[in-house]
Amino acid sequence: MVDPAGFHGAATQTLNERGSARGSSSLRRRATTFLAVLATTAATFSGSVFAQAEASAPATPAPAAAPDASAPVRHHALSLIGEPKFGPDFKHFDWVNPDAPKGGVVRMTVEGTFDSFNPFSVQGVPAAGSGSIYDTLMTGSPDEESTEYGLVAEWVSYPPDISWAKFGLRPEARFHDGKPITPEDVIFSLEALKKSHPMYNRYYKNVVKAEKTGDHEVTFTFDITGNRELPQILGQLTVLPRHYWEAVGKNGEPRDITKSTLEIPLGSGPYKIKEFSPGSRIVLERVKDYWAKDLPVRVGQFNFDEMQFQYFRDRTAAFEDFKSGRADMWRERMASAWSTQFSFDAIKQGWVKKEALPTKGVAMMQAFAFNTRRDIFKDPRVRQAFNYAFDFEDLNRSVLFGQYTRVGSFFDNSELAAKGLPEGRELEILKEFEKDLPPEVFTTEWKNPSFATRDDLRKNLSEAMRLFKEAGWEVRQEEVEDPDCGTFCKLTRAVGLGSTKTQAVLRNAKGEPFKVEFLLSDDAFQKHVAHYISNLSKIGVQATIRVVDPAQYQRRERSFDFDIVVDSFPQSNSPGNEQRDYWGTGAADQEGSRNTIGIKSPVIDAIIEKLVVAKDRDEVIATTKALDRVLLWGHYVVPQWYNPFEWIATWDVFGRPEKLPSLTSAFSQVWWVDAAKEQALAGRRK
């Protein structure tokens with residue numbers, strides 16, 4: 001499960017080594033901000049489903065019954081992987097300082113631009129923090145995989161067959177204008193979000209009814225039983241103010257949540273938008289009378305009085321802003337920069353602290369993703385050939401400073417990754433689709449090609465050419481114009497004393513060359529792609545690089561106007577309903593979906609539905625492994641790399657808890673400005 005509210009609202013997803021960002025269909029750009037730090041948190045918050053101790057759900061989904069009048073147990077928290085760490089009477093999380101001082105200003109940089117404060121619409125580029133002004137029914141813990149605690153909702157209950165879920169709202173929950181959060185707001189939110197973005201339709205596909213069942217109660221009815229994630233993902237629902245969105249805006253027109261807007265919206269969260277300059281700057285201020293500030297799930301958190309985000313067109317300008325002290329925090333994603341650019345004076349003086357903070361969780365699949373809607377990528381042998389041309393080992397040595405580990409699974413670094421050969425329940429699941437799967441799924445462990453030696457490079461490129469040939473493409477040596485051949489060179493060639501220049505060209509039976517474009521939104525990634533292209537050219541692929549600004553990149557990716565992009569697919573330890581949006585046929589042609597690749601596979605669709613109604617943890621693991629294996633053998637991507645650390649640099653003005661959460665540094669969530677450090681640094685810099 002990957003929380004759409006987290007991606008739309010809480011974070012701007014970023015990629016290792018400055019790849020093109022794609023945290024969600026609305027936020028696909030890089031940012032060096034607390035929101036970027038929270039990108040990992042967003043993925044892990046959303047990765048929760050709840051512990052099901054009651055009777056197992058039926059193997060085949062059945063129509064849900066109406067809610068039973070006898071209320072089941074009310075849960076203060078939901079988790080699938082074990083039990084929630086904190087009981088109903090806990091005072092605060094153990095990864096916070098409950099006495100953390102409030103105050104201070106933190107300044108951060110963001111690359112790109114923005115043109116909207118509505119992070120829920122397909123339209124526009126949302127501003128940093130534009131989703132953090134809202135609260136959700138429940139909230140995650142960045143120290144616990146697959147766990148959420150009540151926020152707007154004090155409790156949640158559900159029957160053994162999970163045919164419905166009921167949420168009890170806290171009477172004290174308020175929007176920033178002082179009006180209470182009501183069941184009507186929650187019902188409106190579900191309907192509005194489904195209307196605003198097709199992703200929500202798929203995510204909440206099985207939620208067929210929402211109704212007020214008490215002064216502070218909302219009950220959601222499902223069209224199937226056994227979908228163990230549904231209470232949890234409903235807990236992730238962003239609560240919107242109905243009275244605001246149904247009113248007329250400052251422009252005199254009715255507000256429309258499906259549209260982009262720069263009218264400052266009404267929220268209920270710990271921050272609100274204070275001021276902004278369109279496309280270049282936004283300032284959030286802490287809500288002093290925030291309704292939830294004393295709740296155990298909020299104590300010791302959101303401590304900065306003000307958070308300022310300055311936008312820059314490129315990394316170089318943003319980094320200079322940080323080095324000069326005009327920005328306070330930097331999150332690095334370039335190994336070369338981390339290894340070579342952090343020796344400036346402020347580092348040497350001890351004014352800036354550089355730290356590699358370890359993080360746990362499922363390793364994100366970051367990869368070169370093919371647009372399989374294009375004819376040249378419809379054959380899986382072509383896609384597989386591309387992987388045989390990607391020499392990660394040399395790239396890691398020569399460009400990445402040996403800092404990364406190659407990704408080998410869509411659920412790497414977890415018990416969900418497909419390893420070895422399928423067995424047990426995973427094998428049973430795959431056997432159901434054996435006639436529609438490549439035989440290698442059952443006979444060969446999927447692995448990335450190895451480039452440990454020069455001989456490996458030769459063998460792998462040879463295998464790539466073999467695969468291309470099987471797919472109808474053959475390498476030819478053809479004469480080309482030699483720009484270095486001057487008059488004398490041409491004369492000698494004319495009399496047979498010189499040789500002409502040739503190059504490998506891959507052509508199909510029609511004589512058409514194999515041409516492909518890598519679409520990027522950051523020129524810093526060009527050297528990585530150029531390294532890859534050097535091998536592709538050896539086997540006749542004519543590859544080019546196109547770098548566009550983040551807004552244009554987002555438009556092209558949303559509308560699937562590309563050949564290859566650098567994409568990411570964040571996962572949690574509890575995958576489920578969100579897989580429909582990643583790989584489902586229904587999302588393949590839906591603009592703005594996360595199915596960037598355009599996968600349309602009845603087998604994958606069926607496995608996803610099995611995963612959605614998996615009856616227990618063992619079934620989740622087996623079904624996810626089956627999904628992982630089918631995706632890998634579909635050769636939909638060329639896997640890149642991941643980094644098990646957060647590389648963070650901060651001016652020495654911050655305090656933080658002794659224990660940080662294990663899944664993220666949680667910079668904006670639990671750090672604070674230390675007034676004594678701030679004063680001391682100011683004195684040292686005079």
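Biologist: What am I looking at, and how are residues numbered?

Modeller: This is a predicted model, where local features need pLDDT of at least 70, side-chain atom pairs count only at pLDDT 80 or more, and totals for chains, interfaces and linings use all residues. Residues are numbered from 1 along each chain as its sequence is written, and side-chain values use heavy atoms, with hydrogens and water left out.

Biologist: How many helices and strands does the chain have?

Modeller: There are 23 helices and 26 strands in the chain. Both are DSSP runs numbered from the N terminus: helices are H or I with at least four residues, strands are E with at least two.

Biologist: And what share of the residues is buried?

Modeller: Buried residues account for 62% of the 686 in the chain. Buried means under 20% relative accessible area, with exposed over 50% and partly exposed in between, using a 1.4 Å probe and protein chains only.

Biologist: What about contacts between residues at least 6 apart in sequence? How many join residues at least 24 apart?

Modeller: Of those contacts, 76% join residues at least 24 apart. Contact here means heavy atoms within 4.5 Å.

Biologist: Okay, helices. How do helix 20 and helix 21 pack?

Modeller: Helix 20 (residues 602-612) and helix 21 (residues 617-633) pack at about 160°, and their axes are 9 Å apart. The axes are lines fitted to C-alpha atoms, for helices over the stretch in contact, and angles run from 0 to 180 degrees between N-to-C directions. Helix 20 and helix 21 are therefore roughly antiparallel to each other. For the cut-offs, angles under 35 degrees are roughly parallel, over 145 roughly antiparallel, 65 to 115 roughly perpendicular, and the rest oblique.

Biologist: Which residues meet there?

Modeller: On helix 20 they are V603, I604, I607, I608, K610 and L611, and on helix 21 they are V620, T623, T624, A626, L627, V630 and L631. The residues of this contact between helix 20 and helix 21 divide into ten nonpolar, two polar and one charged. In that scheme Ala, Val, Leu, Ile, Met, Phe, Trp, Tyr, Cys and Pro count as nonpolar, Asp, Glu, Lys and Arg as charged, and the others, Gly among them, as polar.

Biologist: And how do helix 10 and helix 14 cross?

Modeller: The axes of helix 10 (residues 380-388) and helix 14 (residues 454-470) come within 8 Å and cross at roughly 165°. Helix 10 and helix 14 are therefore roughly antiparallel to each other. By class, the contact of helix 10 with helix 14 has eight nonpolar, two polar and three charged residues.

Biologist: Switching to strands. Why call strand 21 largely enclosed?

Modeller: Six of the six residues of strand 21 (residues 564-569) are buried, so strand 21 is largely enclosed by the rest of the structure. I564, V566 and S568 are buried on one side, and V565, D567 and F569 are buried on the other.

Biologist: Which strands are joined to strand 21 by bridges?

Modeller: Strand 15 (residues 365-370) runs antiparallel to strand 21, with six bridges between them, and A367 stands opposite D567. Strand 19 (residues 515-520) runs parallel to strand 21, joined by two bridges, and F518 has I564 as its bridge partner. Two strands pair if DSSP finds at least two bridges between them.

Biologist: What about strand 13?

Modeller: Strand 13 (residues 329-332) has both faces covered, with M329 and R331 buried on one side and W330 and E332 on the other. Four bridges join strand 13 to strand 24 (residues 645-651), and the two run antiparallel. M329 stands opposite T650 in strand 24.

Biologist: And what is the strand order in the open sheet of three strands?

Modeller: The order is 2-5-4, with antiparallel pairing. Strand 2 (77-79) and strand 4 (138-140) are the edge strands, each pairing on one side only. Three bridges join strand 4 to strand 5 (residues 147-150), and T139 stands opposite Y149.

Biologist: Last topic, the loops. Where does I162 lie?

Modeller: I162 lies in the loop between strand 6 (153-157) and strand 7 (164-169). The phi of I162 is near 55°, a positive value in a residue other than glycine. I162 is buried, with a relative accessible area of 1%.

Biologist: And A666, buried or exposed?

Modeller: A666 is buried, with a relative accessible area of 0%. The phi of A666 is near 50°, again positive in a residue other than glycine.
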